[in-house]
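Let's walk through a protein fold together, one question at a time. Have a look at it first, then try each question before you read on.

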Amino acid sequence: MTKLSGVNDYVTRSATHLEVLATEIMAAIGCSDDIASMVAHHLVDASCKGIDSHGVMRLMWYAEQAESGYFLPSARPSAHQNQRGAWIIDGGGGMGIPAMAMGIDKGTILAKEHGMAVVGVTHCAHTGRLGAFCEQGAAAACLTITFGGGGRQNWRQVVPYGGAKAKLPTNPYGFGIPGGDRGPVIVDFATSAGAGGWIYLAKSAGGRLPDGLIVDAQGKPSTDPDDYLNGGALLPAAGAKGYGLALMAELVGEALLGVATTELNWIILLVDTARYRDDSDFKRAAESVLSDIRECPAADGFDRVEIPGERERDLEKIRRKEGVPIPAATWDQIVTLADQLNVRSVR
């Protein structure tokens with residue numbers, strides 16, 4: 001699952017230890033206790049699921065952003081209807097993780113009442129792993145779709161298809177739907193060839209990136225994260241397809257929701273699946289589809305065909321039991337940060 005290579009030195013820490021540590025670090029940079037705990041759980045959950053680009057590595061990033069004033073750690077999200085009746089979650093310039101969670105909570109209530117719901121999320125910083133919010137919506141028996149945009153002025157990370165200069169953010173998309181016997185199906189991807197977090201993880205860990213992810217400032221292919229950080233760019237996923245999805249997200253994020261004031265604006269769409277089929281019929285039909293896909297013969301180089309979301313849940317069970325591997329260089333940076341913040345549970 002990793003997009004990190006060239007790193008052989010890892011340390012292993014328990015998920016419980018990491019969550020305590022992350023909570024204390026987020027509290028030390030100014031988050032209230034409940035938000036610190038929520039963010040910590042979110043980051044450790046991502047690391048347990050193998051999405052290390054959105055895991056505990058982000059602690060250093062969040063601390064740097066808080067210190068610079070990029071976001072307000074003490075801010076709390078709030079929900080309101082605008083003058084046209086649309087529901088908006090205002091992140092207050094704070095962390096995006098609690099803002100998105102509030103958006104899903106509000107949206108599922110509205111979807112159960114009306115059959116479907118649309119909620120905008122604005123004025124917030126990094127939202128973490130979108131899949132977590134799609135899981136939240138799916139657990140409430142809602143088809144969940146979310147994507148973000150509107151941040152191109154501050155986050156020029158990705159070249160448009162056919163272009164030679166970064167113009168777009170990574171414009172992530174997330175989809176979740178209640179599944180069959182093994183849980184929901186979760187699809188979560190950046191419209192770039194990979195999430196930007198992999199670059200920062202490779203940099204912190206002293207590793208390299210896979211081919212086809214980034215180009216340097218001259219537009220030449222590279223695997224060195226420094227080439228991206230020194231004026232390079234991410235490539236769009238699947239060429240014109242990733243670019244088209246990114247452009248659509250950017251239009252929704254900016255033209256519909258307004259220019260993003262902190263990072264990206266988000267649209268959340270939820271549909272109450274019970275309006276179409278009862279839970280047992282839905283689950284039975286979903287499992288029929290998923291079982292058929294799993295039975296497909298594996299191609300050369302693959303063990304089996306997998307369903308999105310299942311591998312992450314399987315890995316989470318292992319890592320919560322056996323511990324979470326973290327690149328040693330990244331762990332050293334977390335320890336340094338904890339020491340700077342007088343957080344003692346790092347030991």
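Q: How many bridges join strand 3 to strand 4?
A: Helices (H or I, at least four residues) and strands (E, at least two) are DSSP runs, numbered from the N terminus, and two strands pair if DSSP finds at least two bridges between them. Strand 3 covers residues 87–94 and strand 4 covers residues 116–124, and they run parallel. The number of bridges joining them is five.

Q: Before going on, what kind of model is this, and what does it leave out?
A: This is a predicted model, where local features need pLDDT of at least 70 and side-chain atom pairs count only at pLDDT 80 or more, while totals for chains, interfaces and linings use all residues. Residues are numbered from 1 along each chain as its sequence is written, and side-chain values use heavy atoms, leaving out hydrogens and water.

Q: Which residue in strand 4 stands opposite tryptophan 87?
A: Tryptophan 87 has something else going on too: the charged end of lysine 106 sits over its ring, 3.9 Å from the centre. That label needs NZ of Lys or CZ of Arg within 6 Å of the ring centre and within 35 degrees of the ring normal. As for strand 4, the residue opposite tryptophan 87 is valine 119.

Q: Which strands stand at the edges of the seven-stranded sheet?
A: Read the open, mixed sheet in its order, 2-3-4-11-5-6-7.

Q: At what angle does helix 8 run to strand 5?
A: Helix 8 spans residues 240–256. It lies across strand 5, strand 6, strand 7 and strand 11 (265–272). Its angle to strand 5 is about 80°.

Q: In the three-stranded sheet, which residue of strand 10 is the bridge partner of isoleucine 214?
A: This open sheet has the order 9-8-10 with antiparallel pairing. Strand 8 (residues 214–215) is joined to strand 10 by two bridges. The partner of isoleucine 214 there is leucine 234.

Q: Why is the pair of tyrosine 70 and tryptophan 155 called edge-to-face?
A: Rings of Phe, Tyr and Trp (its six-membered ring) pair if their centres lie within 6.5 Å; planes under 30 degrees apart count as stacked, over 60 as edge-to-face and the rest as tilted. The whole structure has eight aromatic pairs. In this one the centres are 6.2 Å apart and the planes stand at 80°, so the pair is edge-to-face.

Q: How many residues apart are tyrosine 70 and tryptophan 155?
A: Tyrosine 70 is in the loop between helix 3 (58–68) and strand 2 (78–81). Tryptophan 155 is in the loop between strand 5 (142–149) and strand 6 (173–180). The pair therefore links distant parts of the chain, and the separation is 85 residues.

Q: Is tryptophan 155 buried or exposed?
A: Buried means under 20% relative accessible area, exposed over 50%, partly exposed in between (1.4 Å probe, protein chains only). Tyrosine 70, at 24%, counts as partly exposed. Tryptophan 155 has 15%, so it is buried.

Q: What kind of pair do phenylalanine 147 and tyrosine 173 make?
A: Phenylalanine 147 is in strand 5 and tyrosine 173 in strand 6, 26 residues apart. Both are buried. Their ring centres are 4.7 Å apart and their planes are at 15°, so the pair is stacked.

Q: What is the relative accessibility of asparagine 171?
A: Asparagine 171 is found in the loop between strand 5 and strand 6. Its phi is near 40°, a positive value in a residue other than glycine. It counts as buried, because its relative accessibility is 0%.

Methods:
Contact means heavy atoms within 4.5 Å. Axes are lines fitted to C-alpha atoms, for helices over the stretch in contact, and angles run from 0 to 180 degrees between N-to-C directions.
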